[in-house]
Amino acid sequence: MSVRYALLLFAGVAAAHPAAAQMGAPTASPPPAGLGEGESAGYPSGRYDELNQLPDWGGIWFLAFDMPAPNSAPPPEPKLKGEYLERYEAWRKEVAANNGVAKRERSNCSAPGMPIFMQIPQYPFEYLFTPGRVTINQEAWMQTRTIWTDGRKHPEDPSPTYNGHSIGHWEGGALVVDTIGISDDLELGMGMGHSDQLRVVERIRLSESDPDKLLAEITLTDPEALAEPFTLNVSYRRDRNGTLIEFQCSENDRNPVNEDGETEYL
Amino acid sequence: MKKNLLKLAAGFLLLAPAASMAHHSFAMFDMQKTVTLKGAVAKFKWQNPHAWLEVDVPLTGGKSERWAIEMTSPNNLALEGWKRTSLKAGDKVTLYVHPLRNGAKGGSFQGVRLATGATLGQVDQ
């Protein structure tokens, strides 16, 4: 089937749908929660000067591995509770019985979502500043994360997504971000589930001693899954002239997950 | 040093569940073991999520077996001096890899010595 024919067929199927009356008509979404018309990031014109007040986060950033001291204690883990703890313990037993190999329920071409989004090794990410929003492009899985800084509130009932709904503001040189609406199909860390009440608060700033180092303090709260808030600190190192590389996972998926949840190697 | 770093990274992966997974877990490889492969490059793919190297290793009797070697991401390799053109089909190489635990002809890239003697990654002496 030619592409042109397929497109026509698609248009034909769509036209048979009642919503077809709106096809091609301009759409008009309402202003985001807490803002009036004309106040959102959708109106950047005339506000680009404000960006000069923001810190210099240019270039791309790689997750940094800070060397733990010899014989230091393992890094702390979130303290799960209730059914989330039971499920994690069962998962650990299963992994131990399976030579340390964890089963996967999802494709390796599927992104982990927040908060692991901010802790992905190997693949760099970048920050883009435009009026009213900060955009993070993460090379891995070619993800985009938007942090709204236009003063909007969270929607009352956000649709669950991988990266959730993020609003942020600047406190001096620190970007403070509040994220909710993260899908409870995802994990806090390997084998650790969370509820739809997960909230992630990030405080991201440049290191005072090293301008090519970015620091993030990430605090997780979840009244259903976590016994207490969990804070982790991660850092990133800068490659000033680096650029992101395409990530077309489905076209290079040499590690498919089979029906037993095992990652294969082609 | 690089080897120790890798081991440390592997340890870190086990200890820090949140930061554990890159594109997939390393558990399928025996990171404590290194296999040396002498052969010719059949294919070098410079793309995410991993760069890949396929190498034909000659066996006695004229036949050869093909190994598929998984590398890290191109952007990570670039930090170590790699380019898309660092290897091409036909190049004679000596490869050092952490083999798959299941015995299949595959492994995680550790280092390579080119015919010129130049090396990339961790190469055993």
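How much area is buried between domain 1 of chain A and domain 2 of chain A, and what share of it do carbon and sulfur atoms give? The area is about 560 Å², and carbon and sulfur atoms give 67% of it, where buried area means the accessible area (1.4 Å probe) that two parts lose on being put together, summed over both. This is a predicted model, in which local features need pLDDT of at least 70 and side-chain atom pairs count only at pLDDT 80 or more, while totals for chains, interfaces and linings use all residues. Residues are numbered from 1 along each chain as its sequence is written, chains are lettered from A and ligands numbered from 1 in the order in which they are written, and side-chain values use heavy atoms, with hydrogens and water left out.

**Chain A as a whole**

- The secondary structure of chain A comes to two helices and eleven strands, which are DSSP runs numbered from the N terminus (helices H or I, at least four residues; strands E, at least two).
- Read from the N terminus on, the elements of chain A follow the order α-β-α-β-β-β-β-β-β-β-β-β-β, and its C-alpha atoms fill a box of roughly 65 × 50 × 40 Å, taken along the principal axes.
- Of the 266 residues of chain A, 41% count as buried, a class that means under 20% relative accessible area, with exposed meaning over 50% and partly exposed lying in between (1.4 Å probe, protein chains only).

**The two domains of chain A**

- Chain A is assigned domain 1 (3–46) and domain 2 (60–252), with bounds that come from an automatic or database domain assignment, and the C-alpha centres of these two domains lie 31 Å apart.
- Eight residues of domain 1 of chain A are in contact with nine residues of domain 2 of chain A, contact meaning heavy atoms within 4.5 Å.
- In domain 1 of chain A, Ala33(A), Leu35(A) and Ala41(A) lose the most area to domain 2 of chain A, together 63% of what that side buries.

**Where chain A meets chain B**

- The contact takes 42 residues from chain A and 36 residues from chain B, and the area buried between the two chains is about 3300 Å², of which carbon and sulfur atoms give 63%.
- On the side of chain A, the residues that lose the most area to chain B are Gln122(A), Arg254(A) and Tyr265(A), together 23% of what that side buries.
- One salt bridge is counted between chain A and chain B, a salt bridge being a side-chain nitrogen of Lys or Arg within 4 Å of a carboxyl oxygen of Asp or Glu.
- Glu54(B) forms a salt bridge with Arg254(A), and their closest N and O atoms are 2.8 Å apart.
- The elements that give two or more residues to the side of chain A that touches chain B are β1 (60–63), β7 (187–189) and β11 (230–239) of chain A.

**A residue to look at: Thr221(A)**

- Thr221(A) is found in strand β10 (residues 213–221) of chain A, and Thr221(A) counts as partly exposed because its relative accessibility is 29%.
- Leaving aside its neighbours within four places in sequence, Thr221(A) is in contact with Gln197(A), Leu198(A), Arg199(A), Leu226(A) and Pro229(A).
- The C-alpha atoms of Thr221(A) and Val201(A) are separated by 8.4 Å, and these residues are 20 residues apart along the chain.
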